[in-house]
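Please have the sequence and the model open while reading.

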Amino acid sequence: MPSSSSIPPSQEQSKLSFATIQQANAAFNAGEFLQARELCTKALTEYTPYHPVIYANRACVYSRLGYHDLAAGDAYRAVMLMEYIRAVLEGLEEDDDEDDEEEGQNGSGGGGEGEATLHTDGSAQATDEDKSSTLEAEPEANGGEEEEEEEEEGEPTSIFTHIAQAAYATVTTFYKFTNNIPVETDVRRADLLAFTTKFDKLASFYLVNSLRQTSSLLDAYEFCESTLKRYQDEVPQPESASGTKPPPAQNGAQQLEIDTAEFVKIKLSIMNEMNEKLEKAIADQAADVSPEKSRSILSSGVALRQNYPWNTYEPDRFSEESLHKLNQNMTKCALNSGLGVAKCEAKVLDLPDLTVQRGEDGRLIESVHLSKHLGIFATQDIYAEETFFVEDITISGAPHPGKRILCDYCSERIVPHKNRDGVDVVPEVHTCPSCPQNPRPSSSGGQKPGEGGEDVSPDPPLYPAYCSQLCLRLAKESHHNPTTLCGREDDLSWIYDDIIASPNPISMYSVLLIKIFATSINRNNTHPLLLDEVKYLYGIPPPSRGLTMRWDFVTCVVRPMWILTQGLGIDIYSAKGVRMFDTWVVNTLLAKIMGTCSGRFEPLLGIQQECDDRPDVVNVHPTWSLVNHDCEPGVGWKPEGKGKFWGIARRGDEDVPKSLPPGEKYVAVKKGEEVKSCYTDRKLDYKVRREWARDMLGGDCVCARCLREEKGDLEQRSSKPASSNTT
């Protein structure tokens, strides 16, 4: 149940919010977009957090800053809040209808006349004859608290009811300030409905346009359709439609109007853009694509990948303090390996930008621009087949941990299976004593897990299990707690189903967001970006780098909201919810995950999917993630369970270690050299390696091997004689 953070704002808070909105609009009109963004955020976090108009205004600000993904997130929140307000208004209309019916049965005829006036008059002031059908817009200052106490004695009010009530009261007061109506005056439902409709169209307009800018065309089209359906009674007038994007107005944006015809025009444009995007994808693949793949192509977009100017949570990763902390973790991981001494340490180094430039003839121009990064260097020789690093701390996950196929903490297999050598393995299974001891069978549909479809767990439990007491303890210290995920697997089951059903490659990262959000709440509401598991992860370079990342609306905006509200019971619209889980925070988390995440396919899960480049299991090892990529690595690793890393023979030397005399060891990484691993399968062609590693690297790999192989490929193609078309 939500806390008192859902109490509607006081009159003083509403006044301060209105003044801040005006300041934000003035900054916007002066071209001071970062200042406008700061003021909008201040209004949301300090005065009126349930204010859809502020979200709509901030969406426009984000668009001007080039953050169209963040604009889509804010516009969507505005649309959702408007939907909550409409639900309240519809409920009040039903109450009025019941009152009118009761009055009619008692012989009163005044209700019908007042209702007719109420639904047709759009003026700002309420007239005397229909005051009987007006709304109490502003509750008493302590009314919210008293109401909540009464509700706790009976049936609890849902989080969504609290959000709806707070948003309704916020917009009602904003309507009064906008129209210079005394705060104590009642507001008619028809007036508030017209006011809400106007801003709903504006927010929907921003949402559709922002999604188009990210190239998430399918979502843009569907929201265009839903907006037209919502206002289907309005006859579009194309000749009056404007093609320009309206900025917030100086007086709180109350003069802006978006004609329904605008959405008709946009819908037609989006249809053309969708056809062009699909035709290009088919041409690139030289084959038809399945319907699911088509949906993935049309809903996949692009977002800027950078450390936002207002992000105060990102540490100085190159400071002595940060290096000391990271090297302490390195020592712990070395001790876990059994060596007793750390064989590597973190250092600062310069790396070239991951951008391959070409001249007019297509030949490579190697990048000369260097950027600061962290890297891992050997302090002693690392030998082939020597495990020198084992990391227990991880963020790991797969859908439906309650099926007890994988450890909920480290993703090791916990069902009987054969290992890589064909040996039967029967793992230990440890359960959480706080979870229900006799859970009901999982209601999740889909194929039963197991290779070839065999039934690994004929009656799958509903709550997670662990491969060791250590993993159980670490899970309880992070995400698995009675206040978060312990005993709540059924609340997340449908979200896991949605992740599996999604055709988008990045959808599986949502399982990591679930654990990060839960860990944040479990640790006394520590901000997600300040968690030790997340804080030092690389993934958000300075804006000057100009890097991008894959982005889709459901994975990056909608599903995180589902996880927080319906999975964890968090009010994302409260002031605390905005500070901790704003869209930019989620985007930053996803960028860090993409930059450091490993993944694997897991046949035991039995996941059937159209997306051929999406893993079944994803892991992030915070300390080892500092190791940089190279397609000719000196160390190997396996993306499952705890992070175990060992020396390997270099490419071309695979058979050398076996041929060495007894007692002589093959040095995989020499003392002083940088330790590098391959983020993909090093046996693949350079084009495929680059494609698979692009999300993690933020650009095309420019290691010596990739540049050498691409150069050879270009020279080979240029040396071939041109084909003749003569007959």
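The points below treat the sheet and then the salt bridges of this predicted model.

**The sheet**
- Three strands form an open sheet in the order β9-β20-β19, and their pairing is antiparallel.
- β9 (387-391) and β19 (635-637) are the edge strands, each pairing on one side only.
- On average, neighbouring strands of this sheet are turned by 20° against each other, direction ignored.
- β9 and β20 (residues 643-647) run antiparallel and are joined by four bridges.
- Within this pairing, V390 stands opposite K644 in β20.

**Salt bridges**
- Side chains of opposite charge can pair when their charged atoms come close.
- The whole structure holds 28 salt bridges.
- D191 and R188 form one of them, at 3.1 Å from N to O.
- D191 is buried because its relative accessible area of 4% is under 20%, and R188, at 0%, is buried as well.
- R212 and E273 form a salt bridge at 2.5 Å, N to O.
- This pair links distant parts of the chain, with R212 in helix α8 (residues 189-213) and E273 in helix α10 (residues 260-285), 61 residues apart.
- R212 is partly exposed at 23% relative accessible area, and E273 is partly exposed at 25%.
- K687 and D713 meet at 3.8 Å, N to O, in a salt bridge.
- K687 lies in helix α21 (residues 686-697) and D713 in helix α22 (residues 704-719), 26 residues apart.
- K687 is partly exposed at 45% relative accessibility, whereas D713 is buried at 17%.

Technical notes: Residues numbered from 1 in each chain as written. Predicted model: local features only at pLDDT ≥ 70, side-chain atom pairs only at ≥ 80, totals over all residues. Heavy atoms only, no water. Pairing = 2+ DSSP bridges. Helix = DSSP H or I, 4+ residues; strand = E, 2+ residues; numbered from the N terminus. Axes fitted to C-alpha atoms, helices over the stretch in contact; angles between N-to-C directions. Salt bridge = Lys/Arg side-chain N within 4 Å of Asp/Glu carboxyl O. Buried < 20%, exposed > 50% of the residue type's maximum accessible area, 1.4 Å probe, protein only.
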